Amino acid sequence: MSDRVAIITGASQGIGQATAIRLAKDFSALVLVARNKANLAETAKAVEAAGAKTLVIDADALNLLATRMEDSRGDAWILTPHPGEAARLLGVTSEDIQRDR
């Protein structure tokens, strides 16, 4: 396991949850972002059981994380927002995101 940290958006269900649990094997800590707090708490338990530390934050914090990336001084950040959120952050349409998947 490395000392790297991954940020997973949509971590409360589906592919985001599965990704978080899988990455817990390779990353020392995961930042879990989602709107469904109850499901997100369950994801956090599974991630911690797999060996990674967690920081659980509200989905609105994605805006802060996106701006923080510019100040990361070369650190690697992994953001996996859903298509609507990615479109908003990138200033394009959801259709543009879907076309480029």
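Reader: What do the buried residues of helix 1 pack against?

Author: Strand 1, strand 2 and helix 2 (37-49). Contact here means heavy atoms within 4.5 Å. Helices (H or I, at least four residues) and strands (E, at least two) are DSSP runs, numbered from the N terminus. This is a predicted model: local features need pLDDT of at least 70, side-chain atom pairs count only at pLDDT 80 or more, and totals for chains, interfaces and linings use all residues. Residues are numbered from 1 along each chain as its sequence is written, and side-chain values use heavy atoms, with hydrogens and water left out.

Reader: Which residues of helix 1 are buried, and what makes them line one face?

Author: Gly16, Ala20 and Leu23 are buried. Buried means under 20% relative accessible area, exposed over 50%, partly exposed in between (1.4 Å probe, protein chains only). Seen down the axis of helix 1, the buried residues fall within an arc of 75°, so they line one face. The arc is that of the directions from the helix axis to the C-beta atoms.

Reader: Why do strand 1 and strand 3 count as edges of the sheet?

Author: The sheet is open, with three strands in the order 1-2-3 and parallel pairing. Strand 1 (5-9) and strand 3 (53-58) each have a single partner strand, so one side of each lacks a neighbour in the sheet.

Reader: How do you know that strand 1 and strand 2 pair?

Author: Pairing takes at least two bridges found by DSSP. Five bridges join strand 1 to strand 2 (residues 29-34). The pair therefore meets the definition. Within strand 2, leucine 30 is the bridge partner of alanine 6.

Reader: Why is the contact of aspartate 26 with arginine 22 called a salt bridge?

Author: The definition asks for a side-chain nitrogen of Lys or Arg within 4 Å of a carboxyl oxygen of Asp or Glu. For aspartate 26 and arginine 22, the closest N and O atoms are 2.7 Å apart, so the pair qualifies.

Reader: Is arginine 22 exposed or partly exposed?

Author: Partly exposed, at 42% relative accessibility. Aspartate 26 is also partly exposed, with 29%.

Reader: What makes glutamate 42 and lysine 45 a salt bridge?

Author: Their N to O distance is 3.6 Å, so the pair passes the cut-off. Both lie in helix 2, three residues apart, about one turn of the helix. At 53%, lysine 45 counts as exposed. Glutamate 42, at 44%, counts as partly exposed.

Reader: How many salt bridges does the structure hold?

Author: Three. One of them joins arginine 99 and aspartate 96, at 2.3 Å, N to O.
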